[in-house]
Each structure stands twice: as structure tokens, then as C-alpha cells.
Amino acid sequence: MDTALFESERARLTAVAARILGGTAEADDVVQEAWLRLARTDHVDDPPAWLTTVVTRLCLDHLRRRQTRSAAEGHTPAGPPDGADPEVDALLADRVGGALQVVLDALAPAERAAFVLHDVFAYPFDEVGEMLGRSPAAARKLASRARLRLRGAPDADDPAVRAGNRRVVEAFLAAARGGELGALLDLLAPDAVMRADRVGQRIGADALYDGAEAVAGRFRGGARGARLVSVDGEPGLAWVVGGDVKVAFAFHLDGGLVREIELLADPEVLATLSIVPAGAAERGDA
């Protein structure tokens with residue numbers, strides 16, 4: 001790897017990390033780790049894009065560990081970590097339209113990253129989705145939820161809508177387990193799709209299942225090992241082996257119908273997701 005090329009990207013990568021994390025102390029560590037990973041990698045087609053993806057996912061890992069520590073200590077994060085740069089914080093407040101840093105800190109990690117990448121750095125949602133390992137539609141929804149919360153909405157999604165969506169996914173799982181093709185089709189929008197990530201494709205899934213019949217055919221009788229979960233606050237399914245999530249299915253619904261399903265099997269992406277068993281999600285457990 002050309003050190004000069006990396007150094008030309010360092011300022012941009014540090015800015016992205018600092019705004020996602022809320023300060024420069026952890027951002028410098030993240031960028032250095034991205035450099036080490038690049039140095040260990042034989043070939044990268046697009047180093048700037050690759051580095052941005054690695055930095056984003058490392059930031060998500062830092063945010064999730066920060067939230068886990070806070071939950072264990074019994075309090076909500078109240079601000080950036082020790083060593084945060086006040087000048088960076090001021091710039092961040094400027095760039096997000098005056099939103100308080102403490103509000104940004106209260107966002108879920110994936111919401112925060114999607115919002116910063118799109119609304120602050122103007123990355124298009126297809127690129128944001130690639131960085132997060134999610135579909136463009138998922139990236140758009142994450143940023144939208146973040147935007148609503150930053151505007152002061154107590155909850156970006158109507159609880160009644162969320163409950164209804166959860167019931168749809170429960171019915172979808174029951175129909176899939178029972179091999180009930182008609183019931184599956186009733187729960188899917190006619191133009192529904194399922195997209196599988198690269199790891200999912202390597203374990204046998206097609207890259208795209210286009211249309212309700214294709215999606216229903218993929219699930220019919222084939223979800224016996226799946227369990228209901230919440231994926232970054234959205235209803236979903238997961239295959240869990242030995243306590244570890246091996247595959248997650250993130251559902252995106254509109255008008256009571258399933259519009260898109262993301263099949264996520266990349267361990268690096270799964271590590272950035274908040275995947276909570278359905279019962280725990282309903283109780284508010286982390």
C-alpha cells in the first residue's frame with residue numbers, strides 16, 4: 001500500500017470517524033487500525049472507499065461497546081468520551097444544524113453513522129448502505145429515524161406501527177415454517193425483493209429474489225431454525241448457532257406488507273448490528 005495515498009486520505013477518514021464518534025481521541029485509533037488492516041490486505045480495488053467502509057464499521061463497533069459499557073454501569077451516555085476535541089464538537093454541532101451533541105450521542109449506532117455519512121458528509125445512500133453492509137433502503141430509513149430524533153421526536157416510529165410490523169413478521173415466520181405459500185404471498189408486496197450479501201451468496205443464497213413469488217418460494221418450508229428478533233430496532237429473523245447469530249434477516253415493511261428483506265451473513269456486518277431476541281426487545285432489554 002502506498003503510504004502517500006493513505007496519508008492523503010487520513011484527514012478525511014479522521015473527520016468521518018470524529019463526527020461519528022464525537023471526538024478525535026478514538027477517531028485516531030480507528031484510522032490507525034484501518035491503516036493496519038489495509039497494510040495486511042493483498043489487493044484493494046478502491047482504497048478510499050475500502051478505507052471509509054472499514055472506518056465506519058470500526059466506529060460502529062466502538063459505539064456499541066460504549067453503549068454496552070454504559071448499560072452495564074446503569075446509565076445512558078451523556079456525551080463524547082474523555083479526550084474529545086471541543087473544536088471538533090463545535091464543528092459537528094455546526095454541520096448537523098445546531099443539534100446538541102448529547103442528542104447525537106443518544107442515537108443508536110447505525111442511525112448515528114447513517115445520519116453523519118449522509119447528512120453531514122453527503123454520501124449517497126447507496127454508498128452509505130455499502131459502508132454499513134446494508135441496503136440503500138435500510139440506510140435511508142436509519143438516517144430518517146436519526147433525523148426525526150434530532151428534531152425532538154420522542155420516537156421515530158409509531159409504536160402501533162412497530163407492533164403491527166412485528167405481527168406481520170411473526171405471521172411470515174409461521175407461514176414459512178408451515179410451507180403455506182398463499183399466506184406468504186398475502187404478507188408480501190407484489191414487488192417485494194430479498195437481497196443477500198456476499199457471504200450469504202457464498203452459502204447458497206441468490207443475490208436477488210425479485211418479486212413476491214420468488215421471495216415466498218425461498219422461504220416456504222425453509223425457516224424452521226429461524227427465531228424472531230429485532231434488527232437495529234426493526235422486526236426480523238435470525239439463525240442462531242451456539243448463541244452466535246450466523247444469519248440475520250432484516251425486514252422492511254410499508255402499509256402492513258413486506259417490501260424488502262435483507263439477508264445478512266457477513267460476520268463483520270453482523271457484529272455492527274443490534275440483534276435482540278423478540279421477547280427481550282419487547283421488554284426493552286439490550
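Let's start with aspartate 232, which is buried, with a relative accessible area of 10%. Its place is in the loop between strand E3, residues 226-231, and strand E4, residues 234-241. The phi of aspartate 232 is near 50 degrees, a positive value in a residue other than glycine. As a reminder, most residues other than glycine have a negative phi. One caution before I go on: this is a predicted model.

Now, a second residue with a positive phi: alanine 122, at about 65 degrees, and again not a glycine. You'll find alanine 122 in the loop between helix H6, residues 109-120, and helix H7. Is alanine 122 buried or exposed? Alanine 122 counts as exposed because its relative accessibility is 59%, and the cut-off for exposed is over 50%. Aspartate 232, on the other hand, counts as buried because its relative accessible area is 10%, and buried means under 20%.

Let me step back to the whole chain for a moment. The protein has 14 helices and seven strands. Of its 286 residues, 47% count as buried. If you take the contacts with a separation of 6 or more, 60% of them are between residues 24 or more positions apart. The accessible surface comes to about 13,400 Å², and carbon and sulfur atoms hold 51% of that.

Which residues are closest to its centre? Out of 36 lining residues, they are Thr53, Arg57, Glu130, Arg198 and Asp266. By class, the lining is made up of 14 nonpolar, eight polar and 14 charged residues.

And where does that lining come from? Helix H3, at 47-73, gives at least two residues, and so does each of helix H7 at 125-132, strand E1 at 188-196, helix H11 at 198-202, strand E6 at 257-264 and helix H13 at 267-270. The largest share is from H3, with eight residues.

Why does glutamate 9 count as buried? Its relative accessibility is 14%, and the cut-off for buried is under 20%. Which side chain does glutamate 9 meet in a polar contact? That would be arginine 12, and the contact between the two side chains is 2.6 Å.

Technical notes. Residues are numbered from 1 along each chain as its sequence is written. This is a predicted model: local features need pLDDT of at least 70, side-chain atom pairs count only at pLDDT 80 or more; totals for chains, interfaces and linings use all residues. Side-chain values use heavy atoms; hydrogens and water are left out. Helices (H or I, at least four residues) and strands (E, at least two) are DSSP runs, numbered from the N terminus. Buried means under 20% relative accessible area, exposed over 50%, partly exposed in between (1.4 Å probe, protein chains only). Contact means heavy atoms within 4.5 Å. Accessible areas come from the Shrake-Rupley method with a 1.4 Å probe; for residues, only the protein chains shown count as cover. A polar contact is a pair of N or O atoms within 3.5 Å; within protein, one must be able to donate a hydrogen and the other to accept it, and residues adjacent in sequence count only if both atoms are side-chain atoms. On a 1 Å grid over the protein atoms alone, a cavity is a set of points where a 1.4 Å probe fits but cannot get out, and a pocket is an open set with protein on both sides within 12 Å along at least five of seven lines; lining residues have an atom within 4 Å of a point. Ala, Val, Leu, Ile, Met, Phe, Trp, Tyr, Cys and Pro count as nonpolar, Asp, Glu, Lys and Arg as charged, and the others, Gly among them, as polar.
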